[in-house]
Every structure is written in C-alpha cells, then in structure tokens.
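My entries follow in the order in which I looked things up.

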Amino acid sequence: MAIPKMGVVVLDCPDTGRLAEFYAQMLGWKIDPESDSEWTEVLDEEGRRRLAFQQAPGFIPPQWPSEEHSQQFHLDLDVPRARIEEAEQEVLALGARLLQGDGDGARDWRVYLDPAGHPFCLCMCDR
C-alpha cells in the first residue's frame, strides 16, 4: 500500500486571487476563505477536491508543445458534448483564450489558455 496520497494540484501564477476566481467560476467551486495572496485554494462542493494557486514572482507561462518547449502539464475538464459551445462561451467570458479548436469536429477536445497562460482542455464526453 502506498504511503503518500494525492494532496492538491498547484499552479504557479502572478495573481493567485485572479486565477482562483477564474477556476472557481468555471468549475462552480468556491474559494477557500482561509486563502491569502500567496496561496489561494478553490474547493469543490464537498470540500474534498482542491486546486491551489501559488504566487510566483517572475512567473513565465508555459508554452504550448513544440520541438523546443514542453507543455509541462495541463488540466482536462470534461464537458457534455451537447454543451461544448456553451462551455466555450463561458470560459472565454471568464478570461480564457482559445488556442486550438476541435479541428472542425475531428477531435473531441479544444485547448485554451487560462488568464495566467496555463493550457487546459475542454474535453467532450457523452454524458
């Protein structure tokens, strides 16, 4: 049996409050009231799943994969296929930027950058 257990995924960023607000609104989660400007967490409805944001002076956003740069990591967020257009409008209104579309329906995902420049995908699912 493994001793460590997954704690929290942490994203470096220049403004923890701004990025936490983006993800809280997008996921329908809430910002932990015990957060501060150096470490801010968002919690799901039950308070069991968390995503954290750590202030990083001199932050340089990741670059989308290329021969010279890796993407480092990204979040895949599931969206019912029938609601992908609605979800895209919501994330764009919150401050995301579309990086790659679904290739005119050839792929089941679209790639965006959050306000700090981290890539994430909206992945279409059949639920």
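I started at a strand pair, where L43 stands opposite R50 in β4. The model I am reading is a predicted one, and I keep that in mind for every entry below.

Going on from that pair, I noted that strand β3, residues 39-43, runs antiparallel to β4 and is joined to it by 5 bridges. β3 and β4 form a hairpin with 6 residues between them, and in the turn I found G47 with a positive phi of about 75 degrees.

I then looked up the pairing of β4 with β1, and found that these two strands run parallel and are joined by 5 bridges. As one example of this pairing, I wrote down D12, whose bridge partner in β4 is Q54.

Next I turned to an open sheet of 4 strands, which I read in the order β5-β8-β7-β6, with mixed pairing. Its edge strands are β5 and β6 (97-100), each of which pairs on one side only. Ignoring direction, I noted that neighbouring strands of this sheet are turned against each other by 35 degrees on average. Within the sheet, β5 and β8 pair in the parallel sense over 6 bridges, and there I found L77 standing opposite L122 in β8.

Which residues of the largest nonpolar core touch the most other members? I found that they are Y23, M26, F53, F120 and L122, out of the 27 residues that the core holds. At least two core residues each come from β1 (9-13), α1 (16-27), β4 (50-55), β5 (75-80), α2 (84-94) and β8 (119-125). Of these elements, α1 gives the most to the core, with 6 residues.

My last entry concerns A87, which has its place in helix α2. Is A87 buried or exposed? I count A87 as buried, because its relative accessibility is 12%, which lies under the 20% cut-off for that class. With neighbours within four places in sequence left aside, A87 is in contact with V79 and L122. A87 and L122 are 35 residues apart along the chain, while I read a separation of 8.1 Å between their C-alpha atoms.

Note on methods
Residues are numbered from 1 along each chain as its sequence is written. This is a predicted model: local features need pLDDT of at least 70, side-chain atom pairs count only at pLDDT 80 or more; totals for chains, interfaces and linings use all residues. Side-chain values use heavy atoms; hydrogens and water are left out. A nonpolar core is a set of buried Ala, Val, Leu, Ile, Met, Phe, Trp, Tyr and Cys residues joined through side-chain atoms within 4.5 Å. Buried means under 20% relative accessible area, exposed over 50%, partly exposed in between (1.4 Å probe, protein chains only). Two strands pair if DSSP finds at least two bridges between them. Axes are lines fitted to C-alpha atoms, for helices over the stretch in contact, and angles run from 0 to 180 degrees between N-to-C directions. Contact means heavy atoms within 4.5 Å.
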